[in-house]
Structures are given as structure tokens and as C-alpha cells.
Amino acid sequence: MPQTLTILGSTGSIGENTLDVVARHPDRFSVFALAGHTQVAKLAAQCRRFRPEYAVVADAEHAARLENLLREAGVGTQVLHGAQALTDIASADGVDGVMCAIVGAAGLPSALAAAQKGKTVYLANKETLVVSGALFMQTARAHGATVLPVDSEHNAVFQVLPRDYTGRLNEHGILSIILTASGGPFLDTDPAAFEHITPEQAIKHPNWRMGRKISVDSATMMNKGLELIEAHWLFDCPPEKLEVVIHPQSVVHSMVRYLDGSVLAQLGNPDMRTPIAYCLGLPQRIESGAAALDFAALSALTFRQPDFARFPCLKLAYEAMSAGGGAPCVLNAANEVAVAAFLEGRIRFTDIARTVAHCLDGGFSNDTGSLDSLLETDAQTRRRAQAFANGLNRRTVFSDGLLTGTEAV
Ligand code: NAD
Ligand code: MG
């Protein structure tokens, strides 16, 4: 019997890569539902190709547009809309696996719903673990859900941990988990120039092609900070046993350091189809479409220490992880608001860290016990971050119709 899949965020970068892998193995997978928010044309094309039972979009207006496209194409997929529909297709009977590839905290309720129903959860949406790590992992354990890490670093760690890994590092002779980071496009840029970085420059990642939000997170290195918190929960690893090392080539995807001096690493080209195929194929290895790693073509693999002064977001994330409680939720919500404001040309690149620091300095609830309490902290932080960003009093500068930065009002 093929494995039945729901793909949340199917129109995004991870979603499209997932469907690329799925299409290579028509005997192994069948698509039950796709969710694409507002990208109606792309979602319609995916429905024509994969014939899911359900497709979910943001609201009634997008639903009407998708229904029209599907009717014209003679596709019988039923169209649903809204947040409840996302949790419905994530938890429906008959669904075996759920790819959680929505971006941001918007992906949290559906991922939690899949865990609650004991599904196999393919977790790309790292924000779920940052915001609700304790609750999500507890829920998965209580309901027998399998959580498989899609994020390339965590997938690499997962591949080189002992098969019977229990979360107790000492028992396995593990000294630390080492996450590699490309350092993003501004690894060697003069920090004095950081204020003038444009959204266009920030989303041009040197090695990976990804969605806009995670690309900006990579440029600030907040992405690595979120990934530290993700690793903390996924592998039950205390903050002091998590290391970050800069590795600009993105070939070593992460490593585990053992007591006897061994360091095990997973290598490959930077292609998200590899970790996706690893998760979807388990316990077998399946073809992903990723090109074989050509060692002769690799000039060098280099490593260096991260620079916290250059990347204050990474430092803020370390601090939020160590503080625990509501801090990671605040970190994430403030970052989402700040990144959106930066992409819209309302604040500078350097204002992202300022906004996050401002929210972490304010008071917030440390109640992380329920989805409702977390969503309340998330909403409060968004309001605070928005007010702070507005208070910076900057306006967008356009040149020849292109967004080129911001200036003081
Ligand atoms: P993306 O922006 O390319 O795609 C996001 C998807 O989510 C789209 O399908 C979009 O329609 C949908 N979406 C956006 N807002 C939504 C909302 N409010 N409600 C429902 N759906 C919504 O993002 P991406 O790069 O594919 O990243 C997805 C997730 O995977 C993120 O959490 C990211 O951190 C994580 N991730 C991505 C990569 C990568 O290589 N792209 C690698 C590791 C982890
Ligand atoms: Mg990653």
C-alpha cells in the first residue's frame, strides 16, 4: 500500500521539493491533500498532477479562484479554506504522513494536530519547535507520533546519531552536536554596510534556494539560532552541548562529536531533496534527484567560529534558548514581524535584531503549557514588535520602481 501524504505548504520551496521526490516514486506515495495558502495557480497545477482529495487555501476568495481553475481542468479535488481546514487535513483518518512545510508560527496548529493523531510528522517548519518545543514533543510522545527532521542540519544529525538514540547523550558517548552554518551572504561584508542591505541582497543565499523568510533568517543567522532551539528539543540536547560552526560551502550538513575523538558528519550537495527523501523513504534509502557529490570539483571545505558581534540574532537566540519558558516564542514572533517589515522596506536589516532584543527585554508570559497560552504570547509579541518597528519612523525608498532601502522620516 502506498503511503498517504498531506503536504502543508506544498507551493513553497520545501513543498515543491517534496512533490518532486514524491513524483519519482508513484508506487510508494499517494497525495491525500495539499495546502498552498494564496498561490492558487501553482496549487491548481499541483492538483492536476497529483490528484489529491483535498486542497486548502487561505480564504473563500482564493477558494473560489482555485475551484474555477480545477473545474476548467476537470479535476475533482475538493477545495477547503482557512486555518481549521489545515488542521483537518493534517489529522484526517487515513493520512499516514504529514509534511509540515508552512513557514512561520502559522504552521504550528496543524503540526500539533498531526502529532496529536499519531501521524508520521515530517517537520520542516522549525518554528513549531521554537515556539512550542516542549508541548509538541510531549504531544508526539503521548500519541505515538514519529517526528522526522527535514531541516538539513537536523536531518544530518539524525543520520549520524546511534540508531537507538534515547536523548541521553552520555549513555551514547556523545560530547556535543555540531550544527554547521553557511554564514549566509554577508559572512565577509563590512558590518558598517549592514544598515544599507536591501531585501534583494538579503534573499540571495550563496548555496540554498529557499523561501524569502528563511533566506533573510540565514542572512542574519537567526536561522541558525532557531535551529539551535530546534535541535535542543528534537534531540533532547542541553544548550551547552550544542555547537555552531561556520562552513561556507554547505557540504557538511552537521556533525556529532563522540567521546573517543570521532566526529561523524553527513555530507552532500545542498539540495533539500536529500533530507526529504531520507525522511520519506525510511527505513529505506530512496532516490531523490540530488546530484552525486563530486569530490574532485570541491576546492576546499573550510570551517570557522561564528562572530556574535556581526550576527547579534544568533546571540539573542542562544540567550532565549538558555532562558527557556516563553523566550523562544517571543524570539520567533518578534523575528517574524521584523523580517516581514524588512522585506517590505519598512525597517533596516540591522533593525531586525533591535526589534527582537526589544521584545525579549519586555515582560512576557512563561506559560508554555498549552497552544492557547503560546498563541497569546505570540500575539502580544507581534503587537509589541509592530509598535517598535513603527516607532523607528522609517519609510521605504524606491528607485526606478524597485525597493532599494529605507530612510528616516
Ligand atoms: P516558502 O515561503 O517557500 O513556502 C511557504 C509555504 O507556506 C507556501 O506554500 C505558502 O503558501 C505557505 N504559507 C505561507 N503562509 C501561510 C499561512 N499563514 N498559512 C498557511 N500556509 C502558509 O518557505 P520554505 O522555504 O519552503 O520554508 C518552509 C518551512 O520550512 C519554514 O519553516 C522553513 O524554516 C523550513 N525550512 C526550509 C528550508 C528550505 O530549504 N526552503 C530548509 C529547512 C527548513
Ligand atoms: Mg537548516
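# Ring pairs and a magnesium site

Q: Buried or exposed: which is F194?
A: Buried means under 20% relative accessible area, exposed means over 50%, and partly exposed is in between (1.4 Å probe, protein chains only). At 6% relative accessibility, F194 falls under the 20% cut-off, so the word for F194 is buried.

Q: What kind of model is this?
A: Residues count from 1 along each chain as its sequence is written, chains get letters from A and ligands numbers from 1 in the order in which they are written, and side-chain values use heavy atoms, with hydrogens and water left out. Local features need pLDDT of at least 70, side-chain atom pairs count only at pLDDT 80 or more, and totals for chains, interfaces and linings use all residues, as this model is predicted.

Q: How are the rings of F194 and F311 arranged?
A: Rings of Phe, Tyr and Trp (its six-membered ring) pair if their centres lie within 6.5 Å; planes under 30 degrees apart are stacked, over 60 edge-to-face, and the rest tilted. Here the centres are 6.5 Å apart and the planes sit at 45 degrees, so the pair is tilted.

Q: How many residues apart are F194 and F311?
A: Helices (H or I, at least four residues) and strands (E, at least two) are DSSP runs numbered from the N terminus. F194 is in the loop between β8 (174-181) and α8 (199-202), and F311 is in the loop between α11 (273-281) and α12 (312-323). The pair links distant parts of the chain, and the separation is 117 residues.

Q: Which residues do ring pairs link into a cluster?
A: The structure holds eight aromatic pairs. Ring pairs join up into a cluster made of F186, F194, F311, F342 and F349.

Q: Which residues coordinate the magnesium ion (ligand 2)?
A: Donors are N, O and S atoms within 2.8 Å of the metal (3.2 Å for Na, K and Ca), and water is not among the atoms, so sites may look incomplete. At 2.0 to 2.1 Å, the ion is held by D151 (OD), E153 (OE) and E227 (OE).

Q: How many residues apart in sequence are the parts that E153 and E227 tie together?
A: In sequence the donor residues of the magnesium ion (ligand 2) are spaced D-x1-E-x73-E. E153 lies in helix α7 and E227 in helix α10, so the pair ties together parts whose separation in sequence is 74 residues.

Q: Buried or exposed: which is E227?
A: E227 sits in helix α10 (residues 222-234). Its relative accessibility is 1%, so E227 counts as buried.
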